[in-house]
Amino acid sequence: MKHISQSPIDPAFVQNPYPFYDRARALGPVVYWDEYKMPCVFGFAAANTILRDRRFGREVPENMRKPIAPHTAPFYAIEAHSMLELEPPRHTRLRSLVLRGFTSRRINAMAPEIEALCHELIDAFPTGRFDLLKAYAESIPVIVIARLLGVPEAMKDQLMQWSHDMVGMYQASRTRASEEAAAKASSEFSGFMRAYVDERRAHPGDDLITSLIQAEEAGEKLSTDELITTCILLLNAGHEATVHGIGNGVKTILEAGGPRDWLSVENRAATIEETLRFDPPLHMFTRWAYERIEIMGHVFEPGDEVGVMLAAASRDPDPWDAPETFDPRRPTKPHLAFGVGLHFCVGAPLARLEMTAALPILFERLPNLRLAEPPRYSDTYHFHGLSALMVDT
Ligand code: HEM
């Protein structure tokens with residue numbers, strides 16, 4: 001296994017990690033990334049294989065668990081019940097409960113209100129130069145997920161702040177201060193959810209929280225702690241990535257000289273998928289090996305952790321021709337922006353619905369939309385999203 005070195009907080013890398021991915025992929029199917037102290041896979045075949053292989057999983061093997069620093073305890077108290085960090089049987093139980101409430105009927109029924117929300121936000125745009133991320137991309141996902149769960153949307157700024165502080169735990173730029181902020185946000189968020197769930201028990205509605213409460217009250221399936229964590233996970237996961245799915249998508253289309261006919265009714269779904277392949281908002285997830293497993297000539301021992309580089313996999317020249325070109329007309333092939341296998345994104349249908357409303361409506365309403373300055377990505381790797389998207393109409 002060859003080694004490669006690259007700081008994930010190096011500004012040039014944060015702005016454009018793709019040349020590094022190409023270099024790493026050329027070194028072989030499994031490459032040791034020195035700064036992460038971990039073997040990583042940068043090619044599509046290996047990433048796809050590992051994510052689908054049940055001998056790898058997200059749950060940390062017992063003998064590999066590290067003691068939790070007391071100042072981060074409130075964060076890990078929530079994470080302990082997160083389906084994203086668990087494997088069957090707990091993962092299966094939690095995920096199936098969410099899926100029961102997250103039906104395609106409920107998601108699709110939101111289409112008209114998502115479209116109406118996009119129009120309302122555009123109506124309120126300032127004239128001249130403004131930050132589209134703030135005025136549009138950030139608002140849609142948080143309002144939609146709050147409505148779906150049944151949390152007051154007036155809390156959107158507070159929800160976003162808690163969520164930003166919590167996801168700081170996954171970022172390469174993590175520091176003692178960001179750990180403390182994450183712990184504080186975790187305590188406040190779970191305190192809020194606990195009180196809010198009690199209130200919803202007394203006043204049930206037609207929303208996801210009510211359906212999760214009913215599962216909890218049926219006694220069979222969901223503890224209160226699991227219920228609280230699931231709501232927090234959905235609120236956080238439900239908007240963090242989608243904001244940057246929209247932001248990166250608009251940037252990509254504008255830089256490619258679009259939208260031309262890319263967002264017509266017949267082309268929009270393929271165009272959205274191509275934006276997610278070309279510049280996805282989440283670049284890396286890890287897996288633990290639970291057995292001795294050979295993948296493309298590399299042997300993983302039980303307890304090895306491996307980085308699966310989703311964004312690098314989606315730029316692999318096998319299976320994509322000219323992967324560095326944004327081409328909405330290319331033949332559709334599955335990309336890995338939403339993962340694959342057991343942890344495949346629960347919210348993918350909702351994220352797709354939001355993006356296929358937000359982008360076409362934006363460009364229909366503002367046909368002269370253009371970049372007012374070169375957009376810059378935030379120093380939040382493995383998240384890959386813009387810090388602002390200054391545009392002019
Ligand atoms: C463009 C937007 C989004 C992207 C790129 C994205 C990406 C992902 C990825 C890559 C995973 C798998 C992680 C892994 O395999 O380790 C995942 C899991 C997950 N996502 Fe998303 N996501 C998006 C939007 C959403 C939305 C809108 C929701 C909720 C409403 C959501 C909820 C979840 C949940 C709950 C999981 C954990 C699933 C499990 O562990 O079984 N995501 N997402």
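In which sense, left-handed or right-handed, does α9 pass α13? This is a predicted model, and in it α9 passes α13 in a right-handed crossing.

Helix α9 covers residues 139–149 and helix α13 covers residues 224–255. They pack at an angle of about 155°, and their axes lie 8 Å apart. An angle over 145 degrees counts as roughly antiparallel, so α9 and α13 are roughly antiparallel to each other.

| Helix | Residues in the contact |
|---|---|
| α9 | Ile 140, Pro 141, Val 142, Ile 145, Ala 146, Leu 149 |
| α13 | Cys 231, Leu 234, Leu 235, Gly 238, His 239, Thr 242, Val 243, Ile 246 |

Glu 138 sits in the loop between α8 (132–137) and α9. Is Glu 138 buried or exposed? Its relative accessible area is 15%, so Glu 138 is buried. Apart from its neighbours within four places in sequence, Glu 138 is in contact with Leu 133, Met 160 and Val 243.

Which protein residue is a donor to the iron atom of the ligand? The single donor from the protein is Cys 345, through its SG atom, 2.3 Å away. Cys 345 is placed in the loop between α15 (310–313) and α16 (348–365).

Notes
Residues numbered from 1 in each chain as written. Predicted model: local features only at pLDDT ≥ 70, side-chain atom pairs only at ≥ 80, totals over all residues. Heavy atoms only, no water. Donors = N, O, S within 2.8 Å, 3.2 Å for Na, K, Ca; no water. Helix = DSSP H or I, 4+ residues; strand = E, 2+ residues; numbered from the N terminus. Axes fitted to C-alpha atoms, helices over the stretch in contact; angles between N-to-C directions. Parallel < 35°, antiparallel > 145°, perpendicular 65-115°, else oblique. Left-handed = near helix turned anticlockwise from the far one by under 90°. Contact = heavy atoms within 4.5 Å. Buried < 20%, exposed > 50% of the residue type's maximum accessible area, 1.4 Å probe, protein only.
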